[in-house]
Amino acid sequence: MWSISHKAGIGRVLVAAQDISADTVVIVDTALVETPDGFPVCLGCLASLSSLSIPCPGCGWRVCGGECARAEQHQEECRIFRERKIVPTINYVHYFLPHGLYLVVQVLRVLLVTRNREKRDMVENLMDHWEERSTDNGVEEMVKYVAAFCRHKLGLEWVTKENVCHAYGVIKTNAVGWINPGGSRQCYLYPQVSLLSHSCAPNMEILEKPDRTVQMGSSRDIKKGEQLTWSYCDFLISKHSIQTKLRNVWKFDCKCSRCLDQTEFGLHYSSLKCTCGGYLSQRTSSQAVKCDNCEDVWRVEDYSEEEAGLAREVSQAADSDIATLFEKLSGHQHLHPTHYVLVMLYMRLLQPGSDQPPALPLSSECGTALLQVLGSLAGEGSQLYKRYQLCCTR
Ligand SMILES: [Zn+2]
Ligand SMILES: [Zn+2]
Ligand SMILES: [Zn+2]
Ligand SMILES: [Zn+2]
């Protein structure tokens with residue numbers, strides 16, 4: 001259904017080898033490696049630790065039980081930790097806080113996978129963006145520490161700082177993360193999914209919680225030859241927040257169709273409404289935007305904090321306050337029906353999956369606006385669209 005192609009400036013990408021209709025399973029991928037992500041988790045299944053976790057009989061690190069202790073992905077590190085007597089001293093209060101030794105396990109698992117010739121090539125060929133990452137002193141220090149730890153504490157003399165830089169960079173650039181209930185994290189490195197480019201209005205989505213295998217489906221109709229994309233982060237936040245996140249974590253400037261279109265497909269999703277009724281959607285510099293109607297110029301710093309404050313208010317409001325907040329914000333002079341703050345609010349109002357009817361009947365304008373946004377940004381074949389479509393018509 002897809003093939004690997006080369007794109008100048010990007011490298012390997014996946015493209016549709018045929019027309020693909022929305023809601024088709026396109027990729028089924030198996031993880032090269034599955035790892036903790038800096039938080040204590042069971043080293044067998046990567047679930048959060050709990051009061052029921054036990055020390056692994058082999059190495060003493062916490063696991064859910066015997067079956068997790070015997071999990072294949074834990075065996076080699078289990079032997080290394082046992083021989084070198086390395087075990088984190090943690091108890092219940094540490095279970096949901098970052099822990100350096102679990103970062104070591106993350107890198108170590110990638111390093112151990114590269115001992116296998118076939119898998120080594122797959123890891124070698126993935127991008128690490130190390131040049132950009134190394135400009136962060138904290139990252140540089142951490143990598144030095146992990147390399148020294150592997151060599152001196154774990155006795156793995158074959159490990160070099162370069163190996164560790166690549167392993168760390170590959171995970172940060174390509175792995176698919178998941179946050180467990182309670183906040184601990186796990187991540188998976190998939191060979192095919194790693195080749196999917198990012199888009200802020202993607203045509204693919206993950207169909208269920210990532211695990212040893214993952215399924216990706218088309219969230220809209222895709223034409224033969226079109227590049228397959230998914231979103232590396234939540235794409236229902238403002239375009240500028242996504243771009244900042246992509247720059248900081250994945251080290252690139254997004255040039256997807258949404259980012260290149262100042263109107264964001266006519267939704268003006270990330271732009272406030274001007275007093276004249278036009279949209280402040282024309283960036284004239286990183287510091288200023290111009291109204292597309294009266295050509296008034298606003299300085300970004302004059303409104304961005306208030307706008308971010310409104311978004312925070314929506315995401316942090318208690319369920320019982322959402323209806324009141326809706327009354328207040330739907331009359332806001334600079335918000336419009338397809339602005340992201342209101343869209344976040346519609347989504348909170350509706351809460352699909354709850355047995356309760358919506359807190360407020362959605363006026364048809366809100367319902368239309370929400371589905372228009374989800375159809376454009378997530379795709380009419382996406383799970384998100386279908387979920388909210390059900391809510392809007394009931
Ligand atoms: Zn487990
Ligand atoms: Zn063990
Ligand atoms: Zn983009
Ligand atoms: Zn104006």
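# Reading domains, sheets and helix pairs

Q: How many Å apart do the C-alpha centres of domain 1 and domain 2 lie?
A: The C-alpha centres of domain 1 and domain 2 are 39 Å apart. Keep in mind that this is a predicted model, where local features need pLDDT of at least 70 and side-chain atom pairs count only at pLDDT 80 or more, while totals for chains, interfaces and linings use all residues. Residues are numbered from 1 along each chain as its sequence is written, and chains are lettered from A and ligands numbered from 1 in the order in which they are written.

Q: Into which domains is the protein chain divided?
A: Domain 1 covers 33-189 and domain 2 covers 262-393; the bounds come from an automatic or database domain assignment.

Q: In what order do E4, E7 and E8 stand in their open sheet?
A: The order is E4-E8-E7, with antiparallel pairing. Strand E4 (33-36) and strand E7 (176-179) are the edge strands, each pairing on one side only. Neighbouring strands here are turned by 20° against each other on average, direction ignored. E7 pairs with strand E8 (residues 185-189) over 4 bridges, and you'll find Trp 178 bridged to Gln 186 in E8.

Q: On to helices. At what angle do the axes of H6 and H7 cross?
A: Two packed helices are described by the angle between their axes and the distance between the axes. Helix H6 (residues 137-153) and helix H7 (residues 161-174) have axes that come within 9 Å and cross at roughly 120°. (Axes are lines fitted to C-alpha atoms, for helices over the stretch in contact, and angles run from 0 to 180 degrees between N-to-C directions.) That's why H6 counts as oblique to H7: angles under 35 degrees are roughly parallel, over 145 roughly antiparallel, 65 to 115 roughly perpendicular and the rest oblique.

Q: Which residues of H6 meet H7?
A: Val 143, Lys 144, Val 146 and Ala 147 in H6 meet Lys 161, Val 164, Cys 165 and Tyr 168 in H7 (contact means C-beta atoms, placed from the backbone, within 7 Å).

Q: How far apart are the axes of H11 and H12?
A: Helix H11 (residues 322-330) and helix H12 (residues 340-350) have axes 10 Å apart and pack at about 155°. H11 is therefore roughly antiparallel to H12. Their contact includes Leu 325 and Phe 326 of H11 and Leu 345 and Leu 349 of H12.

Conventions:
Two strands pair if DSSP finds at least two bridges between them. Helices (H or I, at least four residues) and strands (E, at least two) are DSSP runs, numbered from the N terminus. Two residues are in contact if their C-beta atoms, placed from the backbone, lie within 7 Å.
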